[in-house]
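Where do charged side chains pair up in this chain? The paragraphs below follow a few such pairs.

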Amino acid sequence: MNLITLENISKSYSEKKLLEDISLGINDKEKIGLIGVNGTGKSTLLKIIAGAQIPDDGTITKANKVRIEYLPQNPYYDENATVLEQVFKGTCEEMKIIGDYQDVLDKINKSYDEKLNDRLLKLQEKMDALNLWDLESSAKTVLTKLGIKDFNQKVKELSGGQRKRVSLASALITPCELLILDEPTNHLDNDTIDWLETYLNSFKGSILMITHDRYFLDRVTNRILELDKGILYSYEGNYSVFLEKKMNRLQLAESMEAKRQNLLRKELAWVRRGAKARTTKQKARLQRFDELSNKNDYTPEDKLEISVGSSRLGKKIIEIENLSKSFDGRTFIDNLDYTLARTDRIGIVGRNGLGKSTLIRLLNGELKPDSGTISIGETVKIGCFNQDTSKMHPEMRAIDYIKEESDYITTADGHKITASQMCEKFLFNGTLQYTHIKNLSGGEKRRLQLLRVLMMAPNVLLLDEPTNDLDIDTLSRLEDYLDDFNGVLICVSHDRYFLDRVCNKIFAYEGRGKINIYTGNYSDYLDYREQENIEFEEFEDKVKEEKPKAPKKEKPKTKNKPKFSYNEQREFDTIDEDIEKLEDKIASLEEDTSKYATDFTKLQEIMDEKTKLENELQVKYERWEYLNNLAEEIANWSNN
């Protein structure tokens with residue numbers, strides 16, 4: 001079934017044409033990844049499909065009753081809403097009913113009113129009719145999986161990463177036939193990304209998403225769209241299949257261009273001989289020459305080149321001794337000892353809020369340790385690529401931002417080139433170089449920021465989430481550069497492919513401030529972690545560790561009494577019975593597998609049903625754990 005069709009869609013901004021005559025059809029159960037260089041219009045295309053922007057030309061046809069849910073890069077937030085209220089601020093009927101129910105319930109809890117109670121009863125009837133109680137339970141389960149556990153916390157109290165996760169939860173639980181996600185893995189740690197993969201693979205509708213996470217694309221998608229110079233290419237299959245098919249397409253295009261050039265040379269030689277053009281045949285040959293000269297569908301790919309020299313590195317690099325750092329009584333780094341070696345390529349991993357960025361900022365001199373020392377060698381030149389774009393003045397032109405660091409740079413092969421030439425290598429053409437930073441896309445800003453760091457010719461690179469907002473092509477070039485980088489690399493990243501590709505050592509946060517060190521890349525670490533049954537410590541990053549606030553003298557806040565909501569009480573009363581029924585059904589199906597061992601059709605039906613019930617049982621187990629913990633809190637409150 002076709003969900004939505006785009007025909008001849010075009011979109012321009014000022015003089016920049018992003019999309020040109022784009023045609024696309026999205027069918028039921030497709031899981032599509034959209035890739036392309038930053039600034040080519042990927043986010044714009046998503047907005048057009050989601051109805052958030054109108055194209056300059058073309059038509060969009062949507063099937064009847066097809067609902068689209070869209071997670072933009074920068075969602076809207078109601079600062080005064082609670083986490084749960086923000087999740088239910090969707091526009092579909094189901095989300096409005098749940099949002100109204102939560103609003104009325106909160107008002108009744110504050111001050112009982114007969115009219116409000118009548119309104120609540122009517123909303124309960126609607127929720128019963130539409131079976132929306134499970135949707136509220138799903139919201140809390142998804143929020144918990146995304147690391148958000150205080151459902152009554154105000155949105156204004158959340159960090160930027162937490163807000164994005166709340167919006168992601170809202171998009172995931174909203175009933176829809178087409179789910180559109182713009183960079184859903186940003187601000188998620190590695191374990192949460194693993195969970196999101198599983199969730200999206202079991203999603204019944206269609207998905208269209210932009211992501212730079214290549215492992216994620218490989219495991220979730222069954223179709224890849226590539227946006228290149230305003231043209232959309234479609235490839236059936238996941239990311240690995242895409243790479244193979246794209247290589248074949250480029251080879252075919254190069255072969256056809258070589259044949260065209262060869263034929264053009266022959267025709268040109270004939271024209272130069274001065275052959276008479278009186279006969280019909282001769283006129284046809286001249287016309288053919290003109291057509292060959294004017295027709296050139298082949299354009300070689302723009303390739304981002306990173307060839308930058310680095311400064312000489314002496315024997316002493318960085319020595320860390322008894323390093324400790326805490327904020328507000330919470331330890332982020334506890335007694336770390338390590339001496340960096342010249343060959344170190346270190347990946348820092350752990351759940352959000354454990355202090356990964358704190359270590360980067362300590363090494364860069366932005367923070368002072370509480371105790372211990374960081375001793376830096378005389379020849380060390382640190383370049384830090386972080387997520388802070390506040391120092392990029394919006395009114396400054398791109399070329400001037402680079403020239404602030406240096407007018408010239410020495411490449412890896414010893415040649416000197418200008419800042420403008422380096423911009424060209426980073427896919428900033430003449431027009432983009434003189435574009436104000438405020439008019440660049442998010443990905444283009446990050447690419448410009450990376451270029452400025454490399455213009456320093458550092459010999460120690462600190463990368464804090466370098467893969468956020470960078471396109472896959474830029475990441476591939478960065479990885480190639482790091483292969484030949486004659487210095488030390490330390491990076492915080494949730495991109496598993498990037499960690500596997502560039503790292504030979506892992507710093508893992510596995511306890512309260514304890515950083516354990518492992519040899520090998522991220523996959524090697526996962527294997528060891530599975531064998532030893534290691535779990536990351538889990539924290540709720542309610543405050544930004546990077547910017548601790550000075551303690552204020554405030555009146556102690558009284559914690560609200562924990563309690564079940566109406567539907568949670570109903571669920572708690574029956575959940576043990578529900579789990580028992582599911583376990584009995586699964587046991588019965590296991591007996592049937594022996595009975596129908598030779599009937600492959602029947603056996604497949606049994607296995608499908610068993611898988612479905614096991615997934616339901618897993619959800620029930622998670623809800624049982626949450627509800628019983630809440631019941632224990634309520635009991636403890638009453639006893640105290």
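A salt bridge here is a side-chain nitrogen of Lys or Arg within 4 Å of a carboxyl oxygen of Asp or Glu. The model is predicted. By that rule E479 and R501 qualify, with their closest N and O atoms 3.8 Å apart. E479 sits in helix α16 (residues 472-484) and R501 in helix α17, so the link spans 22 residues of sequence.

R496 pairs with E197, and here the closest N and O atoms are 2.7 Å apart. Salt bridges with shared partners join R496 and E197 with D194, D213 and R219 in one network.

Now turn to another pair. R163 forms a salt bridge with E79, and their closest N and O atoms are 2.8 Å apart. R163 lies in helix α6 (residues 160-173), whereas E79 is in the loop between β5 (68-71) and α2 (83-87), so the contact ties together parts 84 residues apart in sequence. R163 is buried, with a relative accessible area of 16%. E79 is partly exposed, at 34%.

Across the model, the count comes to 27 salt bridges.

Key
Residues numbered from 1 in each chain as written. Predicted model: local features only at pLDDT ≥ 70, side-chain atom pairs only at ≥ 80, totals over all residues. Heavy atoms only, no water. Helix = DSSP H or I, 4+ residues; strand = E, 2+ residues; numbered from the N terminus. Buried < 20%, exposed > 50% of the residue type's maximum accessible area, 1.4 Å probe, protein only.
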